[in-house]
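Work through the exercises below with the sequence and the model side by side. Each task is followed by a solution in steps.

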Amino acid sequence: MFSVTGCSSRPSGTSARFHAGPTSCRPGWSPGGGAPVRQDDSGHVRQPEGGCPITSSFRSSGSVSSSVPSASTAAPAPGSVGARGEFAVIGRLTAGLAPGSATTLGPGDDAAVITAADGRVVASVDVLVDGVHFRTDWASGEQIGRRAALASMADIAAMGAVPTALLVGLTAPADIPEDLVLGLGRGLDAEAAAVGAGLVGGDLTRSEVLTISVTVLGDLRGAAPVTRSGARPGQVVAVAGRLGWAAAGLTVLSRGFRSPAAVVGAYRVPEPPLAQGPVAAAAGAGAMIDVSDGLLADLGHIAVASGVGVDVRTAQLPVAPRLAEVASALGRDPLEWVLTGGDDHALAATFAPDAVPDGWVVIGVVTDSDAGVVTVDGAARDTPGGWDHFTS
Ligand SMILES: Nc1ncnc2c1ncn2[C@@H]1O[C@H](COP(=O)(O)OP(=O)(O)O)[C@@H](O)[C@H]1O
Ligand SMILES: Cc1ncc(C[n+]2csc(CCOP(=O)(O)OP(=O)(O)O)c2C)c(N)n1
Ligand SMILES: [Mg+2]
């Protein structure tokens, strides 16, 4: 049952509910459909949770110069983006996209036109890179597209706004399967449409590594933006959404397993509570952020921007029984996932103690001691943990 191929072995004591897939620790696709690609010296390597090194799951078979674009000498693989061609793929990506409620002019022209009734536009961009934010052997194209849309829209929610439009920059190797790219497009469109936003434009270029850049625009609908700098001593800190689930899924996948589905699914497609952003704004939230890097790390951004201290009370932190089960099977502490795990895109905000809206759980307090410092049960930690692209 546990035929882990690649690099990691089954952790001792894990239950049979953990399943390893046949390609758990190696790229899920290889140029020309041949043997799995091996990491070479130029490939980036990250080892976040033990287990498999994280590498790009695509390597272009064409030669690529850093300054002069060069054509691949090999014939494009059947079914690849290279075989179809840029404009045919764009045609397929944009066919049948439903306009969002703010879309005046969608894809197909030099730029899109969006209505902005509020007179202000909230804008944010996130870049997702193969091997860093996702792996194509760990999630389908559609799941990766959904994740990209949701992670980006969480930033709009964290301002207290509603997403209105998405623009998607895709770069991909020529021999990437077209189906994967079309799946990305479907996933992006599905999550945009689910909140009434339109996928209004994008770009598609060739590169060595699959990257997805999602620009999201949003509407404050008359509310004041909720910034990171509005936390005040005396307020409480509350969260909406899940914490630690995606980190649990990442640990499971990193160890070569494909289940339990609940945590692996949480890693593949997060569930940011997008609607709670405007709810928090309407409740008079002081400060708000989405938890992408880890709860302590992201609360640290609020503490610094607001010039306040934040104390997290672990007894109040929701640790779901499922998470505790997975942690115990893997010999991990679920609280560490909750405190430092990224990728869930929960919302964290500060409120007056009597103004915490339904759907939010109080997990700490804002203090006037140690400006910029986040403590846990009153004690400082050496590091907030969490994700830093260059020092993690
Ligand atoms: N290369 C950049 N140029 C300009 N602004 C940037 C750049 N990278 C990040 N920022 C800004 O710095 C802030 C923090 O970035 P980041 O941690 O990526 O935000 P988030 O976690 O909300 O996506 C954001 O306001 C972002 O717009
Ligand atoms: C293959 C893989 N390895 C590791 C991670 C964990 N990870 C990568 S980036 C990141 C932090 C969030 O990404 P970032 O680009 O910092 O988003 P932002 O904070 O800008 O919203 C985390 C937790 C992952 N999602 N996928
Ligand atoms: Mg980050």
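A salt bridge is a side-chain nitrogen of Lys or Arg within 4 Å of a carboxyl oxygen of Asp or Glu. The model is predicted, so local features need pLDDT of at least 70 and side-chain atom pairs count only at pLDDT 80 or more, while totals for chains, interfaces and linings use all residues. Residues are numbered from 1 along each chain as its sequence is written, ligands are numbered from 1 in the order in which they are written, and side-chain values use heavy atoms, with hydrogens and water left out.

**Exercise 1.** Find which residue forms a salt bridge with R84, and state which parts the pair ties together.

*Solution.* Begin with the search of the whole structure, which finds 11 salt bridges. One of these joins E178 to R84, whose closest N and O atoms are 2.9 Å apart.

**Exercise 2.** Determine which polar side-chain atoms lie by oxygen atoms of ligand 2.

*Solution.* A polar side-chain atom of S292 lies 2.6 Å from an oxygen atom of ligand 2, and an N or O atom in the side chain of H389 is 2.7 Å from an oxygen atom of ligand 2. Finally, domain 1 (81-219) and domain 2 (235-380), with bounds from an automatic or database domain assignment, both give residues to the shell, so ligand 2 lies between them.

Definitions and conventions
A polar contact is a pair of N or O atoms within 3.5 Å; within protein, one must be able to donate a hydrogen and the other to accept it, and residues adjacent in sequence count only if both atoms are side-chain atoms. Helices (H or I, at least four residues) and strands (E, at least two) are DSSP runs, numbered from the N terminus.
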